[in-house]
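Please read these points with the coordinates open.

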Amino acid sequence: MRLLSYFRGEAFQRGIHPPSCKLTAATPIRRMPFAPRLTVPLSQHIGKPPRPIVQVGQEVVRGQPIARTDDWLSVPHHAPATGVVEAIDLRPSARGPWTQSIVIRVHPGATQEDLWGEPRDLSGATPQDILQAVWDTGMVGLGGAAFPSHAKLSVPKQAKVHTLVVNGCECEPYLTCDHRVMVEEADPLIVGIRYAMRATGAVRTIVGVEDNKPDAVAAIQAAIDRARGTTTEGDIFVEAVPTKYPQGSEKMLIMALFGVEVPSGGLPVQLGMVVNNVGTLAALGRLLPSGRGLTERVVTVTGPGVARPGDYRMPLGTPLSFVLEYAGAPADSRQVILGGPMMGQSAATLDVPITKGVSGVLVFKGDDLAHREGLRTFPCIKCGECVESCPMGLNPSQLGMLAAKREYETMGGQYHLGDCFECGCCTYVCPSNIPLVQQFRIAKQVLRERAV
Amino acid sequence: MTPAQAKNWDEFMEGIWRQNPVFVMVLGMCPTLAVTVSAVNALSMGLATTFVLIASCFLVSVMRNVIPKEVRIATYIVIIATFVTVVDYVIQAVSLALYDALGAFIQLIVVNCIILGRAEAHASRAAPVPAMINATGMGAGFTIGLLALGVVREILGAGTLFGISLFGASFQPWVIMVLPPGGFFVLGAWLLVFAWWERRKPGADVAEVTQHA
Amino acid sequence: MHESIGQIVVSALLANNFVLAMFLGLCPFLGVSGKLDTAFPMGVATTFVMLVASLCAYGLNLLLTSFHLEFLRLISYIVIIASAVQLVEMVLKKYSPGLFRALGIYLPLITTNCAVLGVALFQTAREYDFLQSMAFSFGGGAGFTLALVLMASVRERLQLSDVPAVAQGTALSLMLAGILSLGFMGFAGLGG
Amino acid sequence: MNTQAMEIQATPTAAMIRTLGIVSTVCGLIIVGAFQGTYTAVQENKRLATERTVFKVIPAAKSIVEYQAGAGGIQPVAGEVPAGALKFYAAYDGSGRLAGIAAEGGAKGYADTVRILYGYTPDCRCVVGIGVISMRETPGIGDKIVTDKDFLANFVSLDVQLNAELSGLAHEVKAVKHGTKTKAWEVDAIAGATITSRAVGRAINDSAQALLPKLVPHIDKIRSKS
Amino acid sequence: MTATIEIRTAPHIRGPRTVERIMRQVVLSLAPICAFFVYQYGLSAAASLLAVTLACLGTERLFARTGSQSGDISDWSATITGILLALSLPPGFPLWMGAVAGFVAVALGKALFGGIGFNVFNPALVGRAFVQAAFPVSIAAYTPSFLPGRFTEFIPSSLAWPLMMPADNAAWLHAMHLDALAGATPLAKWKFDGVLAGAGELLTSLSGHMAVGPSPLLILVCGAYLALRRYLDWRIPAAILGSAGLTAWILFGFDAVRYPNPFFMLFSGGLILGAVYMATDMATSPVTPRGMWVYGALIGLLTVVIRYYSGLPEGVMYAILIGNAATPLIERITQPTPFGVGEARKARRAGTYPLHPSYISREEAGASAPKKRIFRNKPKRTP
């Protein structure tokens with residue numbers, strides 16, 4: 001298998017090729033108008049939520065900080081629109097439980113220009129200064145994980161970073177927001193990359209883009225050529241990698257680009273690398289020089305039957321119901337997914353807002369689900385499809401059988417459950433229709449609880 | 001029936017039914033599977049084992065107060081081995097053909113867990129008469145078990161029962177029944193039948209439900 | 001007529017596997033084959049005891065035949081096997097505590113393992129010489145271990161299956177042993 | 001645990017030895033009694049079994065005598081058969097004349113060794129019958145060597161004459177494929193049971209190769225019942 | 001948007017493959033083989049296929065009704081079992097024995113363990129091994145192929161009364177002026193009579209009255225179709241044929257007189273059928289890629305050993321059964337190495353950028369190479 005994937009020139013071993021369904025790849029990014037009310041949850045990222053610094057009834061200006069914290073693994077939030085703080089209380093969130101949120105009633109006729117923030121010169125800034133500036137923008141990983149960007153860009157003392165890897169794979173079917181960002185905002189991306197290189201001390205940057213997006217590769221290459229001579233930080237390259245799910249996982253991308261495995265349980269920084277999403281860096285490239293905060297992001301709204309699918313630049317906090325109405329979701333929608341179809345979450349209600357980590361809104365109709373619902377679930381027939389698709393080289397078949405008998409300890413200790421990052425390949429390919437990933441999530445949760 | 005008789009009857013039936021060494025306790029498997037290719041062999045083996053069982057239990061019971069704890073197992077084994085040797089010679093004297101058919105398994109009665117188990121668990125604590133009654137029950141249970149196997153294997157494997165042809169000359173024997181796998185299968189099938197029967201009894205459902213919950 | 005050492009080993013290991021073809025040592029086979037972690041040490045311990053017992057029985061038989069005391073064979077064999085197991089236990093305890101801890105709990109079980117007595121009786125009945133006896137007991141022990149390990153690994157897997165409630169337990173083990181035995185029938189005549 | 005250990009210590013060694021001694025004595029008595037009591041019956045059984053087989057392979061026989069053939073000729077068996085010597089049975093008819101000789105042979109069959117007894121008649125220098133002593137061949141296939149009439153017909157007159165130097169058989173006895181027997185020393189195998197058939201052929205051949213060169217030169221010594 | 005929305009967990013899309021689809025594809029690929037089998041042996045073969053398959057389906061239905069089974073006849077797996085079993089039996093095998101084989105295959109080989117996916121042994125082979133042991137005479141009674149009148153007349157042994165001995169085919173064959181031995185399989189002919197069959201006959205089964213099973217070439221083609229569509233794993237047949245061929249070739253090199261050539265080894269008997277269709281049964285073969293190689297190599301080796309050295313002419317069935325039994329053990333030893341757990345591998349071709357020389361060493365990164373043990377994945381005893 002290893003030999004075969006070598007000869008095929010495959011990026012990494014195993015993985016799957018789901019139909020890409022990138023309906024919106026050629027549509028330019030459009031702006032979405034303000035919803036009447038925007039809901040900004042305080043907890044939008046990994047780490048502690050910040051404290052609100054505005055009161056109910058206070059007028060806020062788009063771009064003005066409304067929540068702030070000193071906690072390292074936490075970022076400030078900025079008002080996504082000019083308006084009045086209507087409430088600070090519990091609102092539904094995508095994950096289910098209601099969370100503390102700031103609700104802003106948007107002024108009619110408010111502009112989408114950012115009115116807060118002053119331009120600054122970062123040409124002589126130290127890495128520490130840049131990190132602080134990144135922190136101030138409230139930036140988190142826009143690829144979906146929503147890990148605070150300043151934390152990701154900061155290098156531990158004992159480690160040394162030589163390469164910045166920029167993740168432009170966007171391997172999830174349907175999603176095209178990163179793709180459009182790369183095509184349309186290649187120049188800000190280069191700017192963002194240069195800041196990131198200075199922050200991390202990397203001497204070169206490689207942008208990895210899946211080879212099903214040649215226009216993105218060309219656009220970035222053009223931007224690199226334009227920037228040539230002005231950069232002082234080091235070389236920037238763009239590289240097409242073979243299309244495969246889950247290439248967007250940083251470990252898989254590093255495997256594809258360098259042919260090395262990130263040690264199990266380790267981080268890329270152990271190999272001297274830092275990985276960032278293209279969307280994040282492009283946004284940084286725009287926000288850092290102007291000194292503004294993150295108030296909007298590009299979200300793919302798509303799905304079979306959506307009337308106006310496309311990539312929309314939408315203010316954070318826009319309620320899902322508004323998004324769907326604007327994009328023309330079909331009346332018989334039965335499932336709304338935040339994120340991609342492989343790893344995204346089902347929205348529990350349409351009141352939940354778009355947050356920093358949402359990269360797509362995917363709508364399925366009843367017909368699309370009927371096929372899946374009609375499938376019978378069999379016991380594992382040991383066809384081995386999952387073993388051949390698990391990018392982490394686990395044995396989902398065995399893990400699934402153990403999970404069915406609640407042998408969680410064995411799964412964790414003997415079969416490396418901890419390495420599973422829930423990409424969903426095993427469940428996608430399983431002919432027996434076993435909810436493998438779902439079982440693994442439960443198992444990991446149980447193990448985590450037992451460990452405490 | 002007087003209470004004493006009832007108790008004796010109970011002791012006797014325990015080995016035949018509730019603690020049947022073959023079907024319930026699944027002990028003494030080696031002879032059970034090896035020699036039951038025909039009903040005659042099964043019966044002889046059962047009787048030989050029963051004899052050893054009764055005789056050893058009697059002797060153990062008689063001597064139970066003299067035997068020190070530390071050497072009791074050794075003593076039991078010596079006693080059992082003695083009676084096995086006796087049986088060995090008796091069978092040789094009665095029929096050489098039978099002796100050949102049972103082969104080394106007569107001598108292997110020594111390590112049959114049933115006998116040592118009975119000697120240790122029952123005879124060493126009971127008076128000679130109850131010990132013998134219990135042993136007889138066990139032996140009878142063992143013999144019945146062997147016979148159940150032997151009858152099935154002989155009927156299917158040779159079309160005969162105790163050497164008498166049942167289906168006429170053109171019967172197709174199922175050779176597998178007299179081969180090793182057949183022994184495993186027939187005993188397994190008997191156990192399945194018993195398990196199925198047990199579960200049909202009222203009350204089994206409740207146990208099942210709680211097990212699944 | 002004269003069987004070579006290799007033939008004896010192969011025959012006892014596969015074609016006439018102690019457990020699957022000769023029904024010897026079934027009690028531990030059914031009892032200890034639930035887990036692979038215990039099955040393998042048990043097999044090794046049994047093989048070791050079989051070798052020792054075979055050695056003792058060979059010597060004893062020489063002694064008994066020279067005094068024409070064949071009728072004491074069975075009783076002396078069983079006594080010597082019981083003592084051999086005790087001896088092995090004591091020696092291991094003294095000189096290899098690690099091994100003793102690994103095998104210790106199995107050793108008493110082996111005394112009543114008919115495979116051990118079977119080796120002694122069969123080697124006498126077949127009039128094997130010293131080397132043949134050793135080969136026979138080694139092959140038999142290895143065959144016992146092989147059957148035990150195969151059985152244990154299959155049963156471990158079946159613990160993850162939804163076996164019908166009726167079939168759970170000894171019945172399933174016996175059926176498995178039967179199918180394994182069917183498979184081993186293919187080796188019939190091997191070494192001939 | 002401790003009290004138990006104390007109790008164990010409590011039994012004096014002498015008592016243990018005494019008990020074991022008593023048990024051994026009792027058991028010994030029982031065993032010896034059984035051995036002695038059954039000895040004659042067992043020997044009688046064994047003799048009868050042997051005679052029955054010998055009479056089967058040599059139909060004319062009425063009585064038998066055990067002989068051994070060694071380097072120094074042939075003599076009646078007394079006690080142990082020495083190494084290198086071969087045991088055989090001389091069978092005599094009602095008038096005391098030698099009816100034939102029966103000897104054992106064995107060869108590896110399909111499952112285990114097939115042991116047979118074959119009858120040899122010096123008059124025709126051929127095998128006149130076989131009987132199976134022990135085998136574990138597949139029932140229905142291998143065990144046809146006992147019942148298959150065509151196969152048994154091979155052994156009514158199977159040529160085992162010696163070569164000119166009397167050092168071995170003139171022609172090797174060999175089982176051939178079913179239906180292809182052409183020579184008197186060939187054994188026509190049972191269709192489907194070739195391996196067992198071959199084992200029988202080999203058993204006769206091996207035994208005859210070893211026994212007959214030692215036996216035939218001295219055959220006159222046992223022509224009549226002594 | 002008025003309809004209520006539903007909550008599900010990721011992934012929200014699914015691959016097209018289902019158990020029924022896999023099984024249906026296998027049945028489809030078996031169809032040409034069955035057709036050729038019927039063409040070779042006529043009425044009896046058709047009746048045998050029908051009887052065995054029906055017995056399997058009936059048994060499956062019976063046990064499915066008890067509620068203890070994970071599948072049903074609608075998943076096609078019992079059909080596969082029936083067809084494979086029938087293909088592995090002689091065409092003139094008495095129908096009642098075929099039904100017994102079918103019953104045993106499903107009852108003992110599958111229902112006992114809980115149905116599809118849980119069986120430890122290939123059900124078809126359990127059934128085959130059972131009747132091989134039970135009726136050794138009938139199962140060795142092959143009849144020549146391409147007999148005249150095969151479409152109008154049954155082979156006499158087919159129509160035996162239940163539980164009764166079948167008629168001997170010898171007289172029937174004799175009436176057709178065919179030697180009684182014409183019915184021996186090429187392997188039996190070689191083993192007992194030292195006659196080697198020709199290459200063409202073996203490959204296509206088309207010429208003469210050879211008593212061979214379905215054509216190996218046809219099976220290979222059908223298997224290749226399945227393998228290309230990834231309905232069976234190509235590694236197992238490759239490993240079996242490779243190991244059997246290699247072993248046979250080495251032995252042939254040692255003693256070309258005693259051992260037949262490897263070509264004969266590969267294409268005679270049921271090796272191809274076993275390697276392509278029987279050993280690849282998903283539930284009973286390892287799921288790990290490395291395990292598949294080990295499993296296949298074991299089966300190939302055992303097949304040759306049994307064919308050469310044991311009393312039987314054919315050993316594929318036993319080899320696969322033993323391979324099945326060893327599968328859990330093989331799987332345990334050959335668990336895949338998780339990503340990032342193995343030792344650092346050299347940059348491969350796909351890796352476009354070699355790592356910068358100044359990157360921190362693996363030791364500093366805290367990555368440690370795991371120790372190798374016999375049972376690699378043995379749980380660590382943690383207090």
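1. **Basis.** This is a predicted model: local features need pLDDT of at least 70, side-chain atom pairs count only at pLDDT 80 or more, and totals for chains, interfaces and linings use all residues. Residues are numbered from 1 along each chain as its sequence is written, chains are lettered from A and ligands numbered from 1 in the order in which they are written, and side-chain values use heavy atoms, with hydrogens and water left out.

2. **Chain B.** Chain B has 9 helices and 2 strands. Helices (H or I, at least four residues) and strands (E, at least two) are DSSP runs, numbered from the N terminus. The order from the N terminus is α-α-α-α-α-α-α-β-β-α-α. Its C-alpha trace spans about 60 × 55 × 35 Å along the principal axes.

3. Of its 213 residues, 56% count as buried. Buried means under 20% relative accessible area, exposed over 50%, partly exposed in between (1.4 Å probe, protein chains only). Take the contacts (heavy atoms within 4.5 Å) in chain B with a separation of 6 or more: residues 24 or more positions apart account for 71% of them.

4. **Helix α5 of chain D.** This helix covers residues 194–215, 22 residues in all. It reaches 30 Å from its first C-alpha to its last, close to the 32 Å expected (1.5 Å times one less than its number of residues). α5(D) bends by about 35° at D:Ala208; the bend is the angle between axes fitted to the seven residues ending there and the seven starting there. Because 16 of its 22 residues are buried, α5(D) is largely enclosed by the rest of the structure.

5. **Core.** The largest nonpolar core has 242 residues. Such a core is a set of buried Ala, Val, Leu, Ile, Met, Phe, Trp, Tyr and Cys residues joined through side-chain atoms within 4.5 Å. B:Trp174, C:Phe29 and E:Phe130 are among the residues that touch the most other members. Leaving aside neighbours within four places in sequence, E:Phe130 is in contact with residues including B:Trp174, B:Phe185, C:Leu182 and E:Val100.

6. **Chains A and C.** Here 6 residues of chain A are in contact with 5 residues of chain C. The area buried between them is about 430 Å², 60% of it from carbon and sulfur atoms. Buried area is the accessible area (1.4 Å probe) that two parts lose on being put together, summed over both. A:Lys382, A:Met401 and A:Lys405 supply 84% of the area that chain A buries against chain C.

7. **Salt bridge.** How many salt bridges are there between chain A and chain C? The count is 1. A:Lys405 forms a salt bridge with C:Asp162, with the closest N and O atoms 2.7 Å apart. The criterion is a side-chain nitrogen of Lys or Arg within 4 Å of a carboxyl oxygen of Asp or Glu.
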